[in-house]
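User: I'd like to learn how to read a model like this one. Please take me through it feature by feature.

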Amino acid sequence: EGHRGSPLAPAAVAEAPSPFARILRGLGREVDRGEALVRRAVGGATGGKELGNVELIALQAGVYRYSEAVDLSAKLVDRAANGVKTVLQGQ
């Protein structure tokens, strides 16, 4: 007879994603939003649409958030890769 938590017992509740996975998922959403923002801006610019000061400031802020999300994602992936490398070297 399996006890709760035993490897033989069926999982009562699906495991929640790890904090690292939640952070990466959130960063992925930010990167997706940034890409969509840049696509819309480029599409508007090539379509001859002129942006006012408010739209340009909003675009600048959006691109800044996008670049920060990409930079943070790269750092997290790099650190995770270095962590895996360290663990594998210790074996």
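User: In which helix do Glu-30 and Arg-33 lie, and how many residues apart are they?

Analyst: First, the ground rules. This is a predicted model, where local features need pLDDT of at least 70 and side-chain atom pairs count only at pLDDT 80 or more, while totals for chains, interfaces and linings use all residues. Residues are numbered from 1 along each chain as its sequence is written, and side-chain values use heavy atoms, with hydrogens and water left out. Helices (H or I, at least four residues) and strands (E, at least two) are DSSP runs, numbered from the N terminus. Here, Glu-30 and Arg-33 both sit in helix H1, three residues apart, about one turn of the helix.

User: What joins the side chains of Glu-30 and Arg-33?

Analyst: A salt bridge puts a side-chain nitrogen of Lys or Arg within 4 Å of a carboxyl oxygen of Asp or Glu. For Glu-30 and Arg-33, the N to O distance is 2.6 Å. Glu-30 also forms a salt bridge with Arg-65, at 2.7 Å. Glu-30 is in helix H1 and Arg-65 in helix H2, so this pair ties together parts 35 residues apart in sequence.

User: Is Glu-30 buried or exposed?

Analyst: Read relative accessible area: buried is under 20%, exposed over 50%, partly exposed in between (1.4 Å probe, protein chains only). Glu-30 counts as buried because its value is 18%. Arg-33 is partly exposed at 49%, and Arg-65 is partly exposed at 49%. Arg-39 is exposed, at 56%. Across the chain, buried residues make up 11% of the 91 residues.

User: At what angle do the axes of H1 and H2 cross?

Analyst: Axes are lines fitted to C-alpha atoms, for helices over the stretch in contact; angles run from 0 to 180 degrees between N-to-C directions. Helix H1 (residues 19–46) and helix H2 (residues 53–89) cross at roughly 145°, and their axes come within 9 Å. The contact (heavy atoms within 4.5 Å) includes Leu-27 and Val-31 of H1 and Ser-73 of H2.

User: Which residues does Ser-73 contact, leaving aside neighbours within four places in sequence?

Analyst: Ser-73 touches Leu-27 and Val-31. Ser-73 is buried, with a relative accessible area of 16%.
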